[in-house]
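Please read them with the structure open.

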Amino acid sequence: MDGARYLEDGRLTIFKRSGVYYARLRISASAKYISRSLKTSNEQTAIDLGRRLLFQLEQRVEQGLPPKSKSLAEVIDDYIAYRERDHRHGRTSAGMLRQIRRVSKFWQEYAGQLPIEDVDDKVMREFVPWRRDYYAAFKILPKNAKRHPTDRTIQFDMMVGKAVVRWAHEQGLRGKQAAITATFTPKKKRVRPAFELSEFRLLWRVLGQRIKAARDKRIRASRELLRYYVLIIAYSGLRPGEANDLKVRDVHPFIDEKGRRNYRFVVRGKTGERDVILRSIAAKRLDKLLTKRRAENPEGRLLAMPNGSRIVTLIDSLDAALREAGFERNSFGEKYSVYSLRHFYAVNALRNGVGVFEVARNMGTSVQIIQEYYGKQATASVFATRLGD
C-alpha cells in the first residue's frame with residue numbers, strides 16, 4: 001500500500017485508494033483485519049477518524065461485542081430464518097412459525113433500527129403501551145386485527161420479542177449486556193370454559209346424529225372430521241394447532257402396562273417436541289380413522305379437510321353442533337370454543353386422579369399453569385385422596 005501510514009503500534013493503517021482514505025484495523029494478534037472506508041480525501045481527517053474507529057472497536061471487544069453491530073430488524077430476519085430451518089426439521093410447528101412472523105412485524109416497526117445490544121428492559125417495557133395504541137389511528141383495521149389487543153396477546157408478543165433477544169445473546173451479538181428481565185403479566189387471566197361431562201356426552205351424541213343426517217358425502221365427510229377432531233383433542237389435551245399439524249406418521253401404537261392398546265402422538269408444538277398419550281378409551285375409535293388415512297395418504301395429516309388441505313379452524317362447525325345440542329355457553333355465560341375440548345381433558349384428568357406433573361407434560365405446559373387454571377376445578381376429595389396415599 002503506497003503511502004500507507006502505520007499507527008498505534010501497527011493496529012491501525014491509513015492508506016489511500018482512488019483518492020479516498022481507508023482504515024485497516026487489527027484489534028488483536030489473532031483477529032482478522034477489518035477494513036473500512038473513511039470517506040475523506042484529507043489525510044489528517046482520515047487519521048483522526050481511523051483512531052476514533054479503532055477506539056470504538058476496542059471498546060466493543062472489551063464488552064464482548066462483535067466488531068460490527070446488528071440492528072434488531074436484522075436479528076429478527078436471522079431469527080425467522082433459524083426458526084424456518086427448525087420447521088423444515090420438524091422442531092417448530094407451522095402455526096408457531098406463522099405467529100412469530102406476525103409478531104415480528106410489530107417489533108421491527110417498534111425498534112427495528114436499534115442496535116441489538118441497546119435493546120434493554122426499558123425498551124421492552126415501553127413496547128407494551130406502544131402495542132396497545134398501535135391500531136388506534138387506523139380507520140380500517142387489517143384482517144383479523146383488533147383495535148384493543150388483549151393482555152394475553154401482548155404477553156405473547158412480549159414472549160416473542162424476548163425470544164429474539166435471548167437468541168441474539170446466544171449468538172454472541174449482545175456481548176456482556178445484561179439479560180432481559182422485563183415481563184408482562186395479564187391483569188385478568190382468561191380461562192376458557194371446560195365442558196361438563198354430561199355436556200360432552202350430549203355433544204358426542206349430537207355429532208353422531210349429525211353425521212347420519214348429512215345430505216351428501218361432502219357434508220358427511222366434514223361432520224365425521226369434526227367428530228374425530230373432538231375425540232382426539234378431548235382425550236389427549238392437544239392444542240388445536242397441534243392437532244391440525246399432526247401427521248399420520250406421528251401416530252404410534254403401543255401396549256400399556258395394563259395390556260391395553262393405545263396410541264402415542266409425536267407432537268411438535270409451541271414448547272418443542274413431546275410425546276402425547278391418548279386416553280385408552282379413545283383408541284378403538286381412532287383405529288378406523290388411522291386405517292383410512294394410511295390408505296389415502298400415509299405421509300399426510302391425520303386430521304385434514306375433505307380435500308386433503310390443512311384445517312384452519314372448525315369453530316363454525318362446532319358452534320352448529322352446540323346449537324343443535326342446545327348449549328353454546330356454560331352456566332356463567334362463557335362461550336365454548338375448540339379450546340374448551342383441551343380444557344375438558346385437563347379438568348377430567350385431574351378429577352380422575354392423574355398427577356399434575358403428568359397432565360402438564362402431556363399438554364405441553366407448566367405445572368404452575370395446570371394448578372392455576374385447572375386445579376380449582378378438580379374436586380377437593382380428589383386431592384385429599386391423592387395426598388393421603
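Which residues does His343 touch, not counting residues up to four places away in sequence?

1. His343 touches Arg192, Pro193, Ala194 and Tyr374, where contact means heavy atoms within 4.5 Å. His343 is found in helix H11, and counts as buried because its relative accessibility is 7%; buried means under 20% relative accessible area, exposed over 50% and partly exposed in between, with a 1.4 Å probe and protein chains only.

2. On the basis of these notes: this is a predicted model, in which local features need pLDDT of at least 70 and side-chain atom pairs count only at pLDDT 80 or more, while totals for chains, interfaces and linings use all residues. Residues are numbered from 1 along each chain as its sequence is written, and side-chain values use heavy atoms, with hydrogens and water left out.

3. Helix H11 (residues 339-351) also meets helix H7 (residues 217-234): their axes come within 8 Å and cross at roughly 40°. Helices (H or I, at least four residues) and strands (E, at least two) are DSSP runs numbered from the N terminus; axes are lines fitted to C-alpha atoms, for helices over the stretch in contact, and angles run from 0 to 180 degrees between N-to-C directions. From H7, Val230, Ile233 and Ala234 take part, against Leu341, Arg342, Phe344 and Tyr345 of H11. The contact comprises six nonpolar residues, no polar ones and one charged. Ala, Val, Leu, Ile, Met, Phe, Trp, Tyr, Cys and Pro count as nonpolar, Asp, Glu, Lys and Arg as charged, and the others, Gly among them, as polar.

4. An open antiparallel sheet has four strands in the order E1-E2-E3-E4; two strands pair if DSSP finds at least two bridges between them. Strands E1 (5-7) and E4 (34-37) each have a single partner strand, so one side of each is left without a neighbour in the sheet. From one strand to the next the twist averages 25°. Six bridges connect E2 (residues 12-17) and E3 (residues 20-25) in the antiparallel sense, and Leu12 stands opposite Leu25 in E3. Helix H1 (residues 43-62) lies across E1, E2, E3 and E4, at about 30° to E3.

5. Three further strands form an open antiparallel sheet in the order E5-E6-E7. Neighbouring strands are turned by 30° against each other on average, direction ignored. E5 pairs with E6 (residues 261-269) over five bridges, and Pro253 has Tyr263 in E6 as its bridge partner. Helix H9 (residues 283-296) packs on this sheet, touching E5 and E6, with its direction at about 65° to that of E6.

6. The hairpin of E5 and E6 has five residues between the strands, and Gly259 there takes a positive phi near 80°. On the other pairing, six bridges join E6 to E7, with Val266 opposite Asp275 in E7.

7. The second largest pocket has a volume of about 710 Å³. A pocket is an open set of points on a 1 Å grid over the protein atoms alone, where a 1.4 Å probe fits, with protein on both sides within 12 Å along at least five of seven lines; lining residues have an atom within 4 Å of a point. Grid points are joined across faces, edges and corners, and a volume is the space filled by probe spheres set on the points. Of its 24 lining residues, Arg260, Asn262, Ile277, Leu278 and Val354 are the closest to the centre. E6, E7, H11 and helix H12 (356-363) each give two or more residues to the lining, which divides into ten nonpolar, five polar and nine charged residues.
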